[in-house]
Amino acid sequence: MSAADLFSFFYQFADVFAFLILSASGLAIVFGMMGIINMAHGEFIMCGAYVTVGLVNLGVPLALAQILAAIAAGLIGVVVEYFIVRRFYKRPLDSLLATWGLSLIVTQSMLLIVGSSIRGIGTPEGSFAVGDYTFSTYRLVLFACAVAVLVGLYIIFMKTRFGVLARATMQNAAMAKALGARTGRIYAISFGIGAGLAGLCGALYAPTMTLIPTMGATFIVESFVTVVVGGANVLLGTAPAAIFLAMIRMALNASYGQIIGQIGMLFAVIMIIRILPEGLSSVLVRRGR
Amino acid sequence: MLRLLDGPQTLGKGPKFWACFLVVLVAALIYPLFADSYDVGNFAYFLLWIFMALGLSLMWGYAGMLSFGQTLFFGISGYTYGVLAIVMGGGSTTIVALVLSVCMAMLAAAILGYFMIWGGISGIFFGIVTLSATLVLAFFLGQTAGSEWHIGAARLNGFNGMQGMDPLTVGSLDIEGSVLYYFMLVLIVVVYVALRMFVNSSIGNVIVATRENPQRAEMLGYDVRKYQLLAFVIGSGLAGLSGALYTSWGQFITPSSIGLPAAAMPIVWVAFSGRSDLTATLVGSFLLLFGFQTITIYSQQAALVLMGALLLATVMVAPQGFVLGVGRLIAVRWKRWRGGGVAKTEPARLQPDEV
């Protein structure tokens, strides 16, 4: 195996890994930490993508548009948390139904208002060659963003005062409140961060795919699967889960094609839930103690 | 056997309830005499979805398993019916195709259910796995456009879906129009009555016990997994019945009947109606389907927005379901009016705390 082959292998892995991390990181906070089964996760992704494309078509530079889109999705997330999600912290299954209702409302309204597709923006040019293969630079940018998101989450939740308060609130809201933490605000901000990360995912993938209001469905299975495999401890679980799933997916995709890759991932999840109901992070946490 | 018709697991009992039931049934029976054949066909179309809703009510309301896989089994059965009706040559063999496709859905449910239930997957994970399986099937069928995807003479045709299969036929009688309507009506009465007897039987009571408290049911010596699997297979089989009838009704089926947003529809019907009662599910689903179809004529998106809004409103305002809530209210008012002001509410049924 030549160096070029090796790099090609890494490149494909990085591609799937970035997709899983970016689509799952927002859900990891909302579902993994806060316990809200957010079926509207895909719609926050869609929101990020549409804002990005809309701004770029208005002449805003791509990178700036992407950042603004993530912020917009985050703000919408805070509003949604205030009006809907807030009531469901003690009723996880109802949160699923409520957000699914929301998701239906949003996708179908978008179909009514915007129509089935809007003018997309092309993937940023730029490629490089390693050996006989050429690669798109943008895919590596996505990988770098995924790593940056992981590092950023680690810093926010492990190194800041907000992070400590947030983790305390998720662990025991009543106790945190008694100790003076403003749990309502912390929940709202955490949900906003989750929604913002979903928006970022949509913003980053907007140039690479066709924009349709139902595009959220493309992401939703992968994100849930990654979070479920990752388990309760988001900071420890999501990255190993993405690596694990990316490996399976890549091996199956390469030899049998996309659809077997998806089915294989589904089987892997059923097996993981069977063997490790708490997800991969439970093993890592146990080791750490 | 007949005394199982009324029991602790179903609302409505005694002569008054069954008198109402008979009035509705008679009205349904003579309806085709007054309506034109187009409306009768439409009504038959609403009725075919009821099985799927009743199945979900059994799984979710009675057994406490929220399955998003109703359209998965709907699709498996619908496609199986399509393939079999074409491969076996149509005609009277379509009845065999109907039976086999429902069996196929139940077999698939047994396999998936075995892996999930014996694998200890419950609660939200049950929902996530069934939804993933549903979306994977929709995705798979969507990419079968090529001519290599065929079973005998039956082409799967990717997103455009299968077509050209015979509708249900007995001898020279096509089951279409008002014949189909009566066929559905009979099936619904049979399924509804059978399910009532099932949930009030000793098996049904155990199924409810596994929802209320799985550990306690297990301590009492019941193998919880078997009862859950039974409920899952029956519920999914009913979704399969809907699927095969749907393919026969329209003589086509596409992957969009399986994926989103179709997969959300049974959840909306059953949640809105009141998942923990069969009668509420029957009435509510029919009302919603009627309303949905009326609006769809103008705009399908608007109808789906309304469905989403109803789901959201149900969860936020009446988590146990609107139809069930209204039904209880009427029952209480009725008793208060009859009892001269002293309201003696019926003994509250055990409600699932957090299913």
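User: In what order do the elements of chain A run from the N terminus on?
Analyst: Keep in mind that this is a predicted model. From the N terminus on, chain A goes α-α-α-α-β-β-α-α-α-α-α-α-α-α. That gives 12 helices and 2 strands in chain A.

User: How many residues sit between E1(A) and E2(A) in the hairpin?
Analyst: There are 2 residues between them, and Gly131(A) in that turn has a positive phi of about 60°.

User: Switching to helices. What span should H4 of chain A have, and what does the model give?
Analyst: Helix H4 of chain A covers residues 92-113, which is 22 residues, so at 1.5 Å a residue it should span 32 Å. Its end C-alpha atoms are 31 Å apart, which agrees. Just after H4(A), Gly115(A) takes a positive phi of about 90°.

User: Is H4(A) largely enclosed or largely open?
Analyst: Largely enclosed by the rest of the structure, because 16 of its 22 residues are buried.

User: What about H4 in chain B, how far does that helix reach?
Analyst: H4 of chain B, residues 93-118, has 26 residues and reaches 37 Å from its first C-alpha to its last. After H4(B) comes Gly120(B), with a positive phi near 75°.

User: Zooming out, what is the radius of gyration of chain A?
Analyst: Chain A has 19 Å, and a compact globule with 289 residues would be near 19 Å, which agrees. The C-alpha trace of chain A spans about 65 × 50 × 35 Å along its principal axes. Buried residues make up 48% of the 289 residues in chain A. And among contacts in chain A between residues at least 6 apart in sequence, 75% join residues at least 24 apart.

User: Which residues touch the most other members of the largest nonpolar core?
Analyst: That core has 204 residues, and the ones touching the most other members are Ile21(A), Ala49(A), Ala231(B), Val268(B) and Leu311(B). Helix H2 of chain B, residues 37-62, gives the most to this core, with 16 residues. As for Val268(B), leaving aside its neighbours within four places in sequence, this residue is in contact with Met307(B), Leu310(B) and Leu311(B).

User: Last one: I clicked on Ser57(B). Why does Ser57(B) count as buried?
Analyst: Ser57(B) has 31 C-beta neighbours inside 10 Å, so Ser57(B) counts as buried. Its place is in helix H2 of chain B.

User: And which residues is Ser57(B) in contact with, leaving aside its neighbours within four places in sequence?
Analyst: Those are Val270(B), Arg275(B), Leu278(B) and Thr281(B). Also, the C-alpha atoms of Ser57(B) and Gly235(B) are separated by 8.0 Å, though the two residues are 178 residues apart along the chain.

Note on methods
Residues are numbered from 1 along each chain as its sequence is written. Chains are lettered from A and ligands numbered from 1 in the order in which they are written. This is a predicted model: local features need pLDDT of at least 70, side-chain atom pairs count only at pLDDT 80 or more; totals for chains, interfaces and linings use all residues. Helices (H or I, at least four residues) and strands (E, at least two) are DSSP runs, numbered from the N terminus. The expected span of a helix is 1.5 Å times one less than its number of residues. A residue is buried if 20 or more other C-beta atoms lie within 10 Å of its own, exposed if 12 or fewer, and partly exposed in between; C-beta atoms are placed from the backbone. The radius of gyration is taken over C-alpha atoms; the globule rule is 2.2 Å times the number of residues to the power 0.38. Two residues are in contact if their C-beta atoms, placed from the backbone, lie within 7 Å. A nonpolar core is a set of buried Ala, Val, Leu, Ile, Met, Phe, Trp, Tyr and Cys residues joined through C-beta atoms within 7 Å. Two strands pair if DSSP finds at least two bridges between them.
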